[in-house]
Amino acid sequence: MPPSASSSRRAGILPGRLTIRDLINALVSGFISGALYASMALGLTIIYGVIHVFNFGHGIVAVLGAYGAWLFLTSLGLGMIPSILISCVAMFFFGLLIYKATIHPLLQKPNWEFSTIIFLLGFGIFLENMLLQAFGPRVKSIPPFFEGAIEIAFVRINWHEVSLVLIVIAFVVALHFFLKKTWIGQAMRAVAQEMDGARVVGININRTFSLAFAVAIAATGFSGILLGTKYYMTPHIGWDWMVKGFVIVVFGGLGSATGAVYGAFILGIAEAMATLYLGALWVWPVWFFIFVIILLLRPQGIAGGRTL
Amino acid sequence: MRKHLTWKKIAVLASLIFIALYPFLHGNSYVMHIFVLFFIWAIVASNWNLLMGYAGIFSLGNIGFLAIGGYTSGILAKSFGISPWICILLGGLGSMVAVTLFLGFPALRLSGIYIALLSLIFADSLPSILTQTRKITGGSMGLHDIPPLFPGMERIHAYYIIFAAFLVILFVIYRIIHSSSGLAFMALRDSQDFATSLGVSEYKEKLKVFAWSAFLTGIAGGFYVHYLGDISPTTLAIEPFLLAIAMMEMGGIGRFPGAVLGAVIIVFGNEFLRLAGILRLALLGAVICLIILFFPGGLMQLVDWLDLKIARIRQRRSAPATS
């Protein structure tokens, strides 16, 4: 990199000094993190859309999936694809178990809304510290899928990041197909839109709830793996991922899958812009600010009113 | 009503007398320190319970109120040399203003889960604001050498001062709950439409309870910093948050002295569990889960159960005597 470019990046506080090159680089990296955020927010929005439970253990579920894949990769020496698959399937059954054992009985209680949230919060912290006990606080990362980088004009993108964006797109399309075309996906949408109506036409609410929960947990675990290949991971990182997921999901409209995808891209780019113009430390206040603005102006989110 | 002296009143009185006499009975400096922490955390948890249990506003940011009050008071006392007593009040007011502006007003338009998310992110964005304003707040290192309440303050003085504050604030919370305003926000919690149709102003009551809760928690924050002498962004980390949630759940959400009972168990239990190291937080999480799953009423449920048992024993005893 020529010295002039690096010095202009160092003076990133002054917008006048920024070159178009920095701007485009930031846009690209914002787009990539937006794709990752989208994959992460989908699990959250499916659970809220169908069951109306807000998963406050979302972050740790993603971390758990990533640690699972990491464990299969390094300790058992499996290949990348088998370990990701095994991790996702394990997360699916884990979700099923959690739903049957805890969420289902809690939903029968009168103040289920509060108790499920605090339960999931406590459970998340329990899992986080068990992970800490098992794996220690040291930073781990899953190796990238592909080595090397591609250079278009002056923008340098890793092949790994290209593959991540493609995987996320495939993932979103697959999830879309699942929700729109398969029987169980349609049942989930029916329950999300009108629970009594769904019950009348013979959909087993309880079974749909448990499957939606398990699918969302598996999807969250998968997104955790993707995030773990791009960023580092520790047992604590789940909180940061989760809070970002919260803002994205509210931005897109709670329970709306399309909204969550749009929201993730918009916020990913906004985050990159904030890092470029204000510095990395301002990222959290910016997220809070965006969140407040959205809540004040349009609490139903950008795709508001629609469920799943 | 002949039974003015129920077992509950006796128990409360006995424990208050015990706490008041403790420094003379035994006077272990370390245990006194834990008692002071208990007073502060009981105030925080009771205020949280006021907001969450009584007003039904699902706030997750009350540790932020504590931090704002503590930082305001600490900075004013340290940098400007104002008397800590005035600083504590100003810290409470600062917390009240900040919370009403950034949480209270937005929360008027929102419900349930949205308030939970907003308040969580509110408390979560405070540490990065603190590190941004390093010159005033000390950044991630925190604020040190905050002057004590008066020069030459010893632990026993702090013990009695904070004990007094604890009693006063709990009394204030009790009065709020049993005032017409308390009735109004409980009505709003239970049936919003019905309450508004009876002329309860939702805006006024919600703002009022936010302001009170923030003010009292901010004052607790002031006592906290002037007692400990320092505060850092770790106050806003997950552990204090979890402790306060556990206290509320343990005591029983929406029951008045519940949070205080929970605070006793959690603060003292937490000290015992320091031996467990990392597993301590896992245990706390597990305790929260188990309470919600199996004892949703918390300790107050146990108190009610004991109450019923004792009433039955009394009845059985008095029945043959009268007949």
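Which hand does the crossing of α3(A) and α10(A) have, left-handed or right-handed? In this predicted model, the crossing of these two helices is right-handed.

**A helix pair in chain A**

Helix α3 covers residues 58-74 of chain A, and helix α10 of chain A covers residues 237-252. Their axes lie 7 Å apart and meet at an angle of about 125°, which makes α3(A) oblique to α10(A).

| Helix | Residues in the contact |
|---|---|
| α3(A) | A:His58, A:Gly59, A:Ile60, A:Ala62, A:Val63 |
| α10(A) | A:Ile237, A:Gly238, A:Trp239, A:Trp241, A:Met242, A:Gly245 |

Sorted by class, this contact has seven nonpolar and four polar residues, with no charged ones.

**Where the chains meet**

Now to the contact between the chains: chain A contributes 33 residues and chain B contributes 34. On the chain B side, at least two residues come from each of α5 (112-132), α11 (238-251) and α13 (279-294). Of the elements there, α5(B) gives the most, with 14 residues. The side of chain B that touches chain A has 25 nonpolar residues, six polar and three charged.

**Chain B as a whole**

Chain B has 14 helices and zero strands. Its C-alpha trace spans about 80 × 55 × 40 Å along the principal axes. A compact globule of 323 residues would have a radius of gyration near 20 Å, so the 21 Å of chain B agrees with that. Of the residues in chain B, 46% count as buried. Among contacts in chain B with a separation of 6 or more, 77% join residues 24 or more positions apart.

Conventions: Residues numbered from 1 in each chain as written. Chains lettered and ligands numbered in written order. Predicted model: local features only at pLDDT ≥ 70, side-chain atom pairs only at ≥ 80, totals over all residues. Axes fitted to C-alpha atoms, helices over the stretch in contact; angles between N-to-C directions. Helix = DSSP H or I, 4+ residues; strand = E, 2+ residues; numbered from the N terminus. Parallel < 35°, antiparallel > 145°, perpendicular 65-115°, else oblique. Left-handed = near helix turned anticlockwise from the far one by under 90°. Contact = placed C-beta atoms within 7 Å. Nonpolar A, V, L, I, M, F, W, Y, C, P; charged D, E, K, R; others polar. Rg over C-alpha atoms; globule rule 2.2 N^0.38 Å. Buried ≥ 20, exposed ≤ 12 C-beta atoms within 10 Å, placed from the backbone.
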